[in-house]
Amino acid sequence: MHGSRLRKNLLTAMLLGPATAWLVVFLVLPFIAIAVFSVGERAPEGGYQAAFTFAQYANLPARATAFWNTMVLAPVGALACLLVAYPVAYYLALRAPQRWRLILLALVVIPFWTSLLMRTYAWMYVLGGRGIPALLAYIGFEDVRLINTPGAVLLGIVYGYLPLMILPIYVSLERLDRRLLEASADLGATPLSTFLGVTLKLSLPGVMTGFSLVMILLLGEYLIPTLLGGGKVFFIGNALVDLFLQSRNWPFGSAIAITLVLVSVVVLIAANRISTRVSGARRVDLI
Amino acid sequence: MRAFVIAVFAFLYLPIALVVLFSFNAGHHASEFTGFSVQWYGKALANPFLVEALKNSLFIATTSASLAALCGTAAALGLARVSVRTRAVFDALLGAAIVVPGVVIGISTLVALVQLFGVVNPFLASIWPDGQPPRLALGYGSIIAAHGLFSMALVTMIVGTRLGSLDRNLVEASSDLYATPLTTFRSIVLPQILPAVVAGFLLAFTFSFDDFIVAFFVAGAQTTLPIYVFASIRRGVTPEINAIATIVLVASVLLVVLAQWQLRQRKPSN
């Protein structure tokens, strides 16, 4: 009896061992490393020198533009995504013909899993000098500048993260008990008040999941502002690439990274709180 | 609303369609389509740097996705056997591995590995008997490990979800009929979770093959296809990049469709 329990525990340990090692060595330890670095100093020739100081955190305003751009464009981008995504998710979950539903859903999922680099490149191509501006020049609007503007970055954000917003909203709308909608209508509610009081309220966990995921990924975004903002719209991601790969100020970069993670955690907690308070349900699992 | 949805789908697919269309353009300019040609594909595949980057990406994606599929599946099976509390800790770590932005994963892995190599390399040199001691450095290994972190978490979640919907009655029936645990696993559990494992592998492969930002930090002297493409894009848009983009897009789409199809296979109906 005792031996068989030991064998069982040993098997469990063997099954979980590799994954645990992976998580510890490549997630937990690196995170501890940047936390330690963030209270250190920059070595004279770049890199890290041991110290215990909050000077790196006090220095954060030096990258105020990057923080400002990110903190404005991440929520605005997530909101723009949401406004486009909700009607699509609503249509897919409640209006689309049954036999089309899975195909349409697959068409939403596919871009999410294809290279963000290539998809952003596609917009560089469309917005660039030989794309839409050339067409506009053809019909008489000369010198229209589209690429390397905040508008182009916002467009790239909506394009890149739309699938990630549609999916969780779709999942929460699809689970919705349709009898509630009928009951609401039977009790004399207008379509608008049914939508606000029942549909929107019950799909809020999906909305908050999508919003927080998109916003967190945007906080660390690098490709979209680099390729569509052309060095004019700087994000925290750009600051991090610069600090780690060019100017090699690792402690300062670590302080920015830790700040970014803390902001992400706050966003996640806030999203959970809001959806729990309004609809009584927590976030939606995507897988 | 239907018109809006159609417009959104057009928005999602038109830019990609344009890139694909112009990869077959005979002329050099993006504004006019002057004829059908596959010359840019020929040019792309004759570029030795590009082919090298493509080979690197294929090797890295295959290795990291295989390791992730093995470790992730094992972890999902293991998680079904532990207490609720252990499971919660594990789930939180897996969630973090998926949600933390690639930039942060990239830099923290870079920092930790450089620090680790700084300790290990002098140590190896001091105990090495004679000749050139091995030197650990960033490269294939670090990209595989960093990609594998996300992928392993993904596989664990996908396989875990499938395990959760597994028909318990079949497992009990099997052991009631005196099947050994190994036989039960082989004939009942494995066939039911296999589509999820395959789907997890394909998505992991796609993720690794497409990832730019994590590899950008931990690649060291190596080049992957997205790193190469990113560098070329910054030098200017050329039809050659359209050809590479088309190849990558078509490959990713095929893999994702295959993965989705696997996930829908033999889904237990309840």
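Predicted model: local features only at pLDDT ≥ 70, side-chain atom pairs only at ≥ 80, totals over all residues.

User: What is the secondary structure make-up of chain B, and how many helices does it have?
Analyst: From the N terminus on, the elements of chain B run α-α-α-α-α-α-α-α-α-α-α. Its C-alpha trace spans about 70 × 70 × 30 Å along the principal axes. In keeping with that order of elements, the count for chain B is zero strands and eleven helices.

User: Among contacts in chain B between residues at least 6 apart in sequence, what percentage join residues at least 24 apart?
Analyst: Chain B has 270 residues, of which 43% count as buried. Taking the contacts in chain B whose partners are at least 6 apart in sequence, the share that joins residues at least 24 apart is 78%.

User: Into which domains is chain B divided, and how many residues of domain 1 are in contact with domain 2?
Analyst: The assignment divides chain B into domain 1, residues 1-37, and domain 2, residues 52-264. The side of domain 1 of chain B that touches domain 2 of chain B consists of four nonpolar and three polar residues, with no charged ones. The centres of these two domains of chain B, taken over C-alpha atoms, are separated by 32 Å. On the domain 2 side of chain B six residues take part, and on the domain 1 side the number is seven.

User: How many residues does each chain bring to the contact between chain A and chain B?
Analyst: The side of chain B that touches chain A divides into 49 nonpolar, 14 polar and three charged residues. Counted by chain, the contact takes 66 residues from chain B, and from chain A it takes 60 residues.

User: Which residues of chain B does the UniProt annotation "transmembrane region" cover, and how far apart are the end C-alpha atoms of residues 213-231?
Analyst: According to the unreviewed UniProt entry, the annotation covers residues 58-80, 92-117, 137-159, 188-207, 213-231 and 243-263 of chain B. Over residues 137-159 of chain B, the chain is 87% helix and 0% strand, and the end C-alpha atoms are 33 Å apart. Residues 213-231 of chain B are 68% helix and 0% strand, and for this span the distance between the end C-alpha atoms is 13 Å.

User: Why is H6(B) described as largely enclosed by the rest of the structure, and at which residue does the helix bend?
Analyst: Helix H6 of chain B, residues 140-164, reaches 35 Å from its first C-alpha to its last, close to the 36 Å expected at 1.5 Å a residue. Of the 25 residues of H6(B), 19 are buried, so the helix is largely enclosed by the rest of the structure. H6(B) bends by about 30°, and the residue at which it does so is B:Gly148.

User: At which residue does H3(A) bend, and which proline follows?
Analyst: Helix H3 of chain A, residues 64-95, has 32 residues and reaches 45 Å from its first C-alpha to its last, which is close to the 46 Å expected at 1.5 Å a residue. The bend of H3(A) is about 30° and is located at A:Ala85, and the proline that follows within four residues is A:Pro87.

User: Is B:Leu58 buried, exposed or partly exposed?
Analyst: B:Leu58 has its place in helix H3 of chain B, residues 48-79. Its C-alpha atom is separated by 23 Å from that of B:Thr238, which is 180 residues away along the chain. Because B:Leu58 has 16 C-beta neighbours inside 10 Å, it counts as partly exposed.

User: What is the phi of A:Arg248, and what is the phi of B:Tyr178?
Analyst: Most residues other than glycine have a negative phi. A:Arg248 sits in the loop between helix H12 (236-246) and helix H13 (250-279) of chain A, and with 15 C-beta neighbours inside 10 Å it counts as partly exposed. B:Tyr178 lies in the loop between helix H7 (168-176) and helix H8 (181-210) of chain B, and it is exposed, with 7 other C-beta atoms within 10 Å. Neither is a glycine, yet phi is positive in both, at about 50° for A:Arg248 and near 65° for B:Tyr178.

Key: Residues numbered from 1 in each chain as written. Chains lettered and ligands numbered in written order. Contact = placed C-beta atoms within 7 Å. Nonpolar A, V, L, I, M, F, W, Y, C, P; charged D, E, K, R; others polar. Helix = DSSP H or I, 4+ residues; strand = E, 2+ residues; numbered from the N terminus. Buried ≥ 20, exposed ≤ 12 C-beta atoms within 10 Å, placed from the backbone. UniProt positions renumbered as here; feature names shortened; annotations may be inferred. Expected span 1.5 Å × (residues − 1). Bend = angle between axes of the 7 residues up to and from the residue. Domains from an automatic or database assignment.
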